Amino acid sequence: RIFSFKIKDSMKILKMFREIEYKRTVKKAMYDMESICDCYSIILEVVRSGGRRYSPSEKQKKIVPAIEYIAKNYNKKLTNDELAKICGLSTVYFRKIFADVLGISPILYIQELRIKKAKGMLQSDYGSISDVALSLGYTSIYDFSRAFKKSVGVSPMQYAFISQKKE
């Protein structure tokens, strides 16, 4: 969906964008973190300046418990039946609503979340690829490597190497 907002003080937001541009050009220490913070500040300013409040649809409200549960337990083996039960829905109906709202199946959503977490871990000094795989709930490094390569296009080892090289 696209939301439009009426902005009371557009010059203030323009100034915030210019500040981000300046920080990225100068590249002072911690500019990445400051830029992220500044982006959130812009979003907050836009939302504060008025306009409609976002309110989730009835379908979205029904799957919120599952999304929250997934966020806390993505490293465990989760099933559609378990997630549907948390929402108080039948498995078939839960899968349909989930796919309607998010555009992907619950299991694919969990896999994408795990891969996203894996990318962050591989970019940091988290540990070995085996450690990353086990911490994300994969039963073997082979399952993790296959899922990672299918999603990202390169193996976890290649991704870690490329990420470290960029720094």
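Mentor: Axes here are lines fitted to C-alpha atoms, for helices over the stretch in contact, and angles run from 0 to 180 degrees between N-to-C directions. Helices (H or I, at least four residues) are DSSP runs, numbered from the N terminus. This is a predicted model: local features need pLDDT of at least 70, side-chain atom pairs count only at pLDDT 80 or more, and totals for chains, interfaces and linings use all residues. Residues are numbered from 1 along each chain as its sequence is written, and side-chain values use heavy atoms, with hydrogens and water left out.

Take helix α6 (residues 106–123) and helix α8 (residues 141–152): their axes come within 11 Å and cross at roughly 100°. The two are therefore roughly perpendicular to each other, a label for angles of 65 to 115 degrees. On the α6 side, the contact (heavy atoms within 4.5 Å) is made by Ile115, Ala118, Lys119 and Leu122. From α8 come Phe144, Ala147, Phe148, Ser151 and Val152. By class, this contact has 7 nonpolar, 1 polar and 1 charged residues. Ala, Val, Leu, Ile, Met, Phe, Trp, Tyr, Cys and Pro count as nonpolar, Asp, Glu, Lys and Arg as charged, and the others, Gly among them, as polar.

Another crossing involves helix α4 (residues 80–87) and helix α5 (residues 91–102), whose axes come within 9 Å at roughly 85°. α4 and α5 are therefore also roughly perpendicular to each other. Here Asn80, Asp81, Leu83, Ala84 and Cys87 of α4 meet Thr91, Phe94 and Arg95 of α5. These residues divide into 4 nonpolar, 2 polar and 2 charged.

Notes
Angles under 35 degrees count as roughly parallel, over 145 as roughly antiparallel, 65 to 115 as roughly perpendicular and the rest as oblique.
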